[in-house]
Amino acid sequence: MNAQDLTFFGSIWAHWLSWTILIPVLGALAIAIVPKDRHTLMKGIALVVSLVVLAMGLTIWFSFDPDSAAFQFAENMKWIPGIGAAYLVGIDGMSMMLLVLTAFLTPIALVGTWTSVTEKMKGYTASILMLEAGMIGVFIARDLFLFYIFWEAMLIPMYLLIGVWGGPRRVYAAVKFILYTLVGSFLMLIAILALYFLHGRLTGIYTFDLAALEQIALPFGPQMWLFLAFTFAFCIKVPLWPFHTWLPDAHVEAPTFGSVILAGVLLKMGTYGLLRFSLPIFPIAATIAVPWMATLAIIGIIYGGLVAWVQKDIKSLVAYSSVAHLGFVVLGIFTFRAEGLSGSILQMVNHGLSTGALFILVGYIYQRRHTREISEFGGLARVMPIYAAFLLVVAFSSAGLPGLNGFVGEFLILIAAFQVSPWMAIPAIPGIIIAALYLLRMVRGILWGPLDKEENKVLKDLNLREIVTMVPLLFFIVFIGVFPKPFLRPLEPVAAKIEKRMSSVRQPVRYVIETPTTVESEEQEIQLKAEEPASDTEPTESDELHSAEMVK
Amino acid sequence: MTLTGYLILSAILFTLGVLGVLLRRNAIMILMSIELMLNAVNLAMVAFSRFIPGLDGQVISFLIIAIAAAEAAVGLALVVQVARDRQTVDVDDLTLLRG
Amino acid sequence: MTTALKLVLLFPLIGVVFGLSFGRRLPEKVVGWISSLCIGAAFVSALIAVTGFIGLGADGVGVSVRLFEWISTGPVHIDATLWLDQLSSVMILVVTGVGFLIHVYSIGYMHGDWGFGRFFTYMNLFTFAMLLLVLGDSLAMLFIGWEGVGLCSYLLIGFWFEKDSAADAGRKAFVVNRIGDAAFISGMLGIFALFGTLEIQEILHNSHEILAGGGAAVTIITLLLFVGATGKSAQIPLHIWLPDAMEGPTPVSALIHAATMVTAGVYLVARMGVLFQMAPVTLVVVALVGALTAIVAGFIAIAQHDIKKVLAYSTVSQLGFMFLALGAGAFSVGIFHLMTHAFFKGLLFLGAGSVIHAMADKQDMREMGGLKKHLPITHATMLIAGLALAGIPFFSGFFSKDEILFEAWAGPNGHPLFWALGAIAAVLTGIYIFRLLYLTFWGTSRVPDDVHPHESPYTMTVPLMILAALAALGGFVGLPQVLGGGAWIQEFIGNATGAVSHAVEAVGGHAEEATHGNSGLQVVLMVVSVLLALTGYWIARKWYGRENPYPEVPETAAPGLWKAMRQKFYFDEFYFMVIGRPLQKASEWLYRVFDVKVIDGTVNGAGQVTTTLARWIAGLQVGHVGSYALAMAGGAIILMILLLI
Amino acid sequence: MFEGLYSWSAVAPALVVLATALVVMMTDLFVEPGNRIVPWLTIAGLFAGLVVSISMWGTEEVAFSGAWKIGAFSIYFYCIFIVAAIITIFFSMSHEERRGRFPGEYWSLIPFSVVGMMVMASAADLITLIIGLETMSLCAYVMVGLNRGDKRSSEGALKYFLLGAFASAFLLYGTAFIYGSVITTRFAEITVFVSAHSNAIPFNLQVGAILLLVGLGFKVAAVPFHMWAPDAYQAAPTPVTGFMATAIKAAGFAAIVKIFGLMLATSALVLQDLIWWLALLSMIVGNFAAVMQMNLKRMLAYSSIAHVGYLLTAIVGSDPGVSLQGGTGVLFYLVSYALMTLGAFGVLIIIGGGEDRRETLVDMTGLASKSPGLALAMTIFMVSMSGIPPTIGFFGKFYVFGAAVQSGYTGLAVIGILTSVVGVFYYLRVVVNMYMKPAEKSFVPWRRSRISDITLGVLAAAVLYIGIFPQSLLDLARSAFKSLF
């Protein structure tokens with residue numbers, strides 16, 4: 001079906017992606033006019049809307065061509081021609097995966113936390129839907145300006161979720177979350193502007209279209225700076241060590257829904273940004289940054305794990321474990337190898353599933369006991385066997401047990417890293433020991449041991465709603481572990497494309513550029529020396545001419 | 001007397017006015033210092049006008065006198081209001097608003 | 001045959017699904033028997049598959065059964081493929097056969113436990129994972145099984161999770177195993193980097209091309225794999241988890257911690273034998289670690305009071321023997337011992353379980369003695385197993401252990417020193433097993449009055465008897481040539497690891513078969529090893545064949561050594577002091593000081609600096625008109641100055 | 001030279017507003033105090049002025065021998081002024097209901113000051129500009145002091161007045177120097193002179209330019225000429241504060257764009273570097289000092305100083321020869337700033353109660369549960385001021401920083417954007433108080449006025465709508481700026 005098809009369904013189908021954003025927004029507006037005390041109705045609207053989005057996500061999944069690296073479901077509309085920004089959306093395998101993850105986790109988290117919030121329901125449900133719209137927007141935008149709008153716009157609902165419905169230190173956590181993120185993304189804004197003008201100056205075309213921005217060979221100096229600014233913003237979001245300290249606070253204080261989405265989707269935006277922007281637009285800078293990024297990632301893996309190990313609060317344990325897990329993702333990204341890249345993307349999904357599930361499970365016992373201290377529990381397996389089974393599977397998924405989803409991603413990442421250099425992979429490997437340490441400590445503390453607390457003896461096992469929430473998560477945790485192929489396949493073209501882009505500049509990087517005054521001309525040589533110019537990613541001739549003019 | 005001479009005189013007057021604003025504590029005196037500054041401007045205007053073609057400068061100086069008058073009117077009214085409210089016109093006492 | 005092979009995997013999986021669905025709802029008997037029958041069916045399938053395979057020719061190459069493509073991305077292609085050759089044939093038969101017996105035994109043993117269904121679910125899952133481990137054609141598949149059995153081991157050790165000690169032991173087992181796993185993964189990464197694949201057969205096939213002449217790479221890779229093996233097979237320095245693992249129900253100890261899972265390391269080394277043979281340094285390390293473990297664990301076993309602990313250390317020690325064989329280059333002999341060990345050690349554990357069952361869950365041998373009359377079947381079967389373990393001639397253990405000692409001296413990579421170490425361990429074996437028999441079954445009864453020992457039900461004794469038969473006679477499949485046998489099992493397995501030898505010959509290694517002509521030495525060593533076993537018996541008899549064996553003779557004779565042995569040579573304490581505690585302290589420090597104070601302190605510090613700056617800047621606004629005007633005039637002057645510059 | 005002398009249409013909008021002011025002043029004499037006819041009459045007159053202004057969009061006319069020029073630029077600003085004035089009057093009416101009546105002359109002071117602003121926006125001569133500026137300022141001094149009986153109000157007014165007069169003297173002195181070196185005060189001729197002498201700018205001209213910078217810097221409250229602003233903003237009745245923060249600031253920037261963005265925007269003068277410093281200091285001082293403010297009016301005063309910094313950043317980056325981005329950015333930003341600031345002050349006016357002043361952070365506590373709509377609107381304004389999409393404030397900031405980046409002042413843009421993180425802190429603190437803290441017990445309910453509610457709703461909607469679809473406003477701003485050439 002194409003855009004000219006003027007049937008009703010055809011026109012909707014032509015803007016299918018836009019509808020995935022619009023529907024939650026409309027849902028939020030609908031919630032806004034619901035009378036104040038109709039809580040169930042509001043939750044119902046939110047659930048129905050998110051299920052509709054999930055259904056749309058699934059149609060996308062099934063009608064997606066997994067073998068194509070091109071952007072599918074693309075839409076292109078005029079928006080702000082005055083600055084060259086257009087409403088460009090479209091998805092490749094990576095975006096599709098994360099879109100579906102978002103659409104999947106939102107209703108799950110909503111059902112999982114159905115009874116955990118009881119006040120200010122209107123704002124809560126509306127924030128949830130706005131958040132969903134914003135997150136999907138981030139993943140489908142192909143225009144840098146549009147991307148940035150979504151990137152920041154979704155901060156506000158998350159900020160409100162943490163700050164209004166959070167724990168005792170919620171205000172601190174919410175403010176820290178938003179300020180920390182904004183430091184990075186505001187700097188990225190300047191970098192976006194600089195990139196935009198640089199591109200305009202080099203090519204004469206002022207645009208935010210990602211496809212165009214990827215084409216140019218940026219001069220060395222600006223490339224480094226811009227890379228730093230972009231990457232800094234993404235690293236805060238990831239969060240890469242040592243920019244992680246907002247995360248435990250945010251997780252601990254956020255309501256369960258917030259934690260699930262924060263861990264499940266929001267953190268992925270950082271790694272998504274690295275893959276979507278930092279690598280393809282600044283390949284040389286990214287290549288130079290490999291040792292640094294890998295070092296930080298590895299420190300994150302070890303450090304996050306060790307610190308998680310000594311946490312008393314379950315949520316904060318899971319939060320630090322996210323630092324470690326995302327360290328793996330970043331490590332995989334900076335291998336620039338196809339298997340590492342697809343492993344990383346898969347690992348994003350895996351982390352979303354398993355950490356999301358963990359937070360939901362923590363939420364269950366929090367709602368029963370109103371505490372998250374590990375020491376307050378013990379022996380729950382006796383009174384809550386179903387819960388115990390779920391927690392076990394999820395914990396082992398998070399620990400990267402083969403046969404469950406976590407292993408596939410981690411293993412691919414390690415393989416890729418080892419191929420780049422053993423020094424990139426081996427130091428990360430203790431991370432999997434440590435993962436066992438902290439997760440088993442958690443399981444030990446919650447499930448095993450004598451059931452010696454009176455409050456715990458009367459705990460009820462999961463009810464049907466709670467089980468229904470977990471089943472889809474567990475299904476995919478096992479499914480991806482056993483049969484990851486359907487999930488890896490759509491990622492392959494994306495990974496191959498990025499690998500190609502990166503390898504086109506990999507060799508000449510060893511070049512030492514001495515004098516800053518001749519940077520641009522050196523850069524030209526570098527570009528010319530690249531052995532096999534990759535036809536679709538290599539700068540076109542006109543770009544070269546423009547940069548030559550710059551030199552003069 | 002050369003243009004420079006007039007300008008120097010004007011600058012001295014202006015500076016005296018500035019110093020008056022900075023150092024005086026009585027609102028009326030500050031107002032008068034500002035008038036002094038405006039007169040320094042007038043002097044400069046007229047001097048320029050004297051040494052370059054056209055009479056614009058002299059016309060402008062009349063405008064400035066008018067402005068000075070208007071300012072004095074509003075300013076004195078405000079001083080009166082403050083005096084009524086606070087029984088003082090010492091600007092150093094006017095520190096309710098700060099920080 | 002391929003279908004049968006798939007069924008081998010499928011039946012335990014059905015058992016798992018069944019257990020998950022109905023484990024808590026149906027009566028014990030039904031659950032127990034259906035679960036056991038799943039394993040039994042798997043055993044039958046395995047028999048069919050193996051028969052089919054042998055029908056193709058006992059010396060043929062393996063058969064691969066591709067299930068589906070597991071991972072395929074970029075250059076990484078990993079298939080879920082099963083590989084049946086002589087080595088895996090032996091393994092699946094042992095796993096399903098012994099597994100089936102232990103399942104049946106468990107029906108009686110676990111009777112009345114509230115987690116009955118859960119237990120059988122775990123056991124089935126374990127069997128599935130173990131089969132995957134031995135059947136996987138790719139290192140990745142093997143690793144899935146490897147971790148899968150680790151998971152089950154974790155769950156089963158901590159089966160009685162309400163006991164703190166059980167929960168802790170399970171965790172310890174998993175974490176220590178993970179250390180080995182980490183090394184295993186590293187090894188796999190290295191292999192993938194060199195070979196571009198993880199398919200074992202492909203790796204072995206290409207090894208001497210890619211690793212022409214060995215070199216550091218293969219040494220490092222094999223060492224890493226070996227570290228992985230030490231984790232799973234409880235070798236020094238990663239042996240500390242196994243004794244604690246005895247917290248699990250006894251059938252678990254029999255199945256997982258004696259017969260099958262702990263031998264996975266041995267299996268791995270044998271499986272990757274080609275690579276190991278190309279790395280002589282590694283082989284020496286393997287042999288030394290094996291021998292050292294055999295001795296150290298033997299000493300520790302002598303000083304344990306807990307019947308299961310004795311057996312646990314005995315297992316560690318026997319695994320050491322197996323590694324000694326592997327290190328000597330005699331891979332098939334190692335597997336042979338693995339098999340006989342599965343019989344007699346499984347039997348010993350089941351017997352111990354029967355004793356414990358009879359003693360109302362008491363495990364301390366100081367409260368036993370003279371149980372022979374209460375538990376005749378248990379006694380008889382355990383005696384057979386003990387004799388096999390000690391290496392008394394014509395019991396199964398005799399053949400395999402004797403072979404090991406011989407190969408340690410004369411194997412492709414053998415050395416008399418290895419033999420000497422093995423010989424010491426053999427004496428120790430005799431001492432601790434006869435000590436166990438003396439203290440448990442013989443002598444006078446020290447049973448407390450409130451305990452009334454009784455023989456176990458048939459579900460438990462029948463498996464004991466079957467295993468006893470195997471333990472007694474199972475060795476004859478490997479009857480050495482000097483005794484007129486064909487060393488059939490070694491030949492058989494050698495076909496799988498033998499590709500090995502042929503490959504290695506090309507690069508100048510010894511062929512395993514090369515030693516088989518050396519029959520004179522073999523006879524001498526065989527006699528010596530029988531003497532060693534008898535020496536062990538003699539010492540045990542001297543020390544424990546008394547009216548009251550307590551206080552034990554070595555305790556009074558060498559109290560210092562005894563204490564060290566009782567305390568397991570302080571491995572746990574040492575690790576805790578050197579690794580555990582510092583790591584915990586470091587983590588605490590990282591969190592409390594570095595994370596909260598330094599990193600987060602910087603972040604919050606930025607906020608505080610902002611506030612301080614803000615207060616200072618806002619403080620400039622003092623409220624005086626004069627100061628405001630001064631700021632303006634000052635600003636104007638500064639602008640003027642900037643202009644003039 | 002005299003071709004434009006009799007062009008009445010060029011001054012028609014200003015005349016309409018002037019007439020309004022006079023009529024209102026007269027009417028006030030004849031109706032009893034507090035009669036609603038007076039504000040409505042003002043609104044009607046201002047609206048007429050708005051209609052006349054808009055109807056002249058696209059024309060370009062000169063009057064008073066070239067001292068007055070009306071074009072798209074002027075009309076753009078007329079609209080800002082008049083709309084701000086109308087909204088201010090709406091808010092003033094609600095303000096009256098809570099805080100007592102304004103004196104009758106208040107309603108005429110607003111159109112009078114609008115006339116002054118309009119004169120500034122259409123000035124083509126320094127003298128015209130100064131006359132407009134004085135007209136506007138004198139009205140403003142009086143309006144600040146209108147909270148009779150409040151000691152702070154008169155104090156603030158006096159401070160504002162003294163410093164304003166002081167600044168005027170600098171401005172006039174600067175005019176004198178420019179007149180002395182260029183022999184004229186017409187913008188067009190000065191522009192020609194500057195480009196002709198770009199390699200040898202007379203010293204007098206440079207001194208004059210700096211003195212002008214001081215004077216105009218004062219009017220828009222750029223650091224270090226800003227110190228009156230917090231005091232005056234806090235002192236003034238809240239509607240007046242809103243009016244000052246938007247219309248008066250816009251008028252100041254109309255002058256700055258003309259003079260520093262265009263007339264003197266040449267690298268021969270070092271002004272660019274000087275404004276760089278002003279921009280930098282404004283952003284830092286404004287944002288940091290605002291952190292300490294518990295009084296929201298004072299906080300918004302400092303925040304307006306910060307926003308002046310952002311606007312000056314665009315002026316720094318303004319090089320009309322290369323790109324229109326700087327000037328367009330300023331024009332766009334002024335509208336965005338006006339919308340969100342008026343909205344924020346509108347909320348303050350509505351929550352402001354009778355006896356107590358209710359203008360501190362604490363007074364916002366629990367607003368979300370008391371009045372969710374109001375809280376939502378305030379959140380939108382605060383988010384917009386923080387520069388977070390999808391709001392107009394984001395696009396404005398994006399555009400002005402873009403101007404700086406484009407001209408190579410990336411460093412300034414980086415510092416600016418970092419200080420705006422501090423800004424986010426104090427803007428969102430308002431949101432924190434509204435949403436995340438329990439409601440105060442002693443919260444006295446207030447009477448809602450439909451006019452203010454609708455006004456706020458329209459403002460919030462505009463903030464969002466233009467934030468998402470900024471193109472039309474961008475086009476207007478661009479053609480307005482273009483018309484200056």
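This is a predicted model: local features need pLDDT of at least 70, side-chain atom pairs count only at pLDDT 80 or more; totals for chains, interfaces and linings use all residues.
Residues are numbered from 1 along each chain as written, chains are lettered from A and ligands numbered from 1 in the order written. Local features need pLDDT of at least 70, side-chain atom pairs count only at pLDDT 80 or more, totals for chains, interfaces and linings use all residues, and side-chain values use heavy atoms, leaving out hydrogens and water.

Visitor: Is Ala212(A) buried, partly exposed or exposed?
Guide: Buried means under 20% relative accessible area, exposed over 50%, and partly exposed in between, with a 1.4 Å probe and protein chains only. Ala212(A) has 24% relative accessibility, so the class is partly exposed.

Visitor: Which residues does Ala212(A) contact, leaving aside neighbours within four places in sequence?
Guide: Contact means heavy atoms within 4.5 Å. The C-alpha atoms of Ala212(A) and His199(A) are 8.7 Å apart. With the neighbours within four places left out, the contacts of Ala212(A) are His199(A) and Thr207(A).

Visitor: How are helix 10 and helix 12 of chain D oriented to each other?
Guide: Helices are DSSP runs of H or I with at least four residues, numbered from the N terminus. Axes are lines fitted to C-alpha atoms over the stretch in contact, and angles run from 0 to 180 degrees between N-to-C directions. Helix 10 (residues 238–263) and helix 12 (residues 296–316) of chain D pack at about 15 degrees, with axes 12 Å apart. Angles under 35 degrees count as roughly parallel, so helix 10 of chain D is to helix 12 of chain D roughly parallel.

Visitor: What kind of aromatic pair do Phe177(A) and Trp246(A) form?
Guide: Rings of Phe, Tyr and Trp (its six-membered ring) pair if their centres lie within 6.5 Å; planes under 30 degrees apart are stacked, over 60 edge-to-face, and the rest tilted. For Phe177(A) and Trp246(A) the centres are 5.4 Å apart and the planes at 55 degrees, so the pair is tilted.

Visitor: Where in chain A do Phe177(A) and Trp246(A) lie?
Guide: Phe177(A) is buried, at 0% relative accessible area, and Trp246(A) is buried at 1%. The two are 69 residues apart, with Phe177(A) in helix 8 and Trp246(A) in helix 11.

Visitor: What kind of pair do Phe48(B) and Phe177(D) form?
Guide: Phe48(B) lies in helix 2 of chain B and Phe177(D) in helix 6 of chain D, so the pair joins two chains. Both residues are buried. Their ring centres are 6.2 Å apart and the planes stand at 70 degrees, so the pair is edge-to-face.

Note on methods
Angles under 35 degrees count as roughly parallel, over 145 as roughly antiparallel, 65 to 115 as roughly perpendicular and the rest as oblique.
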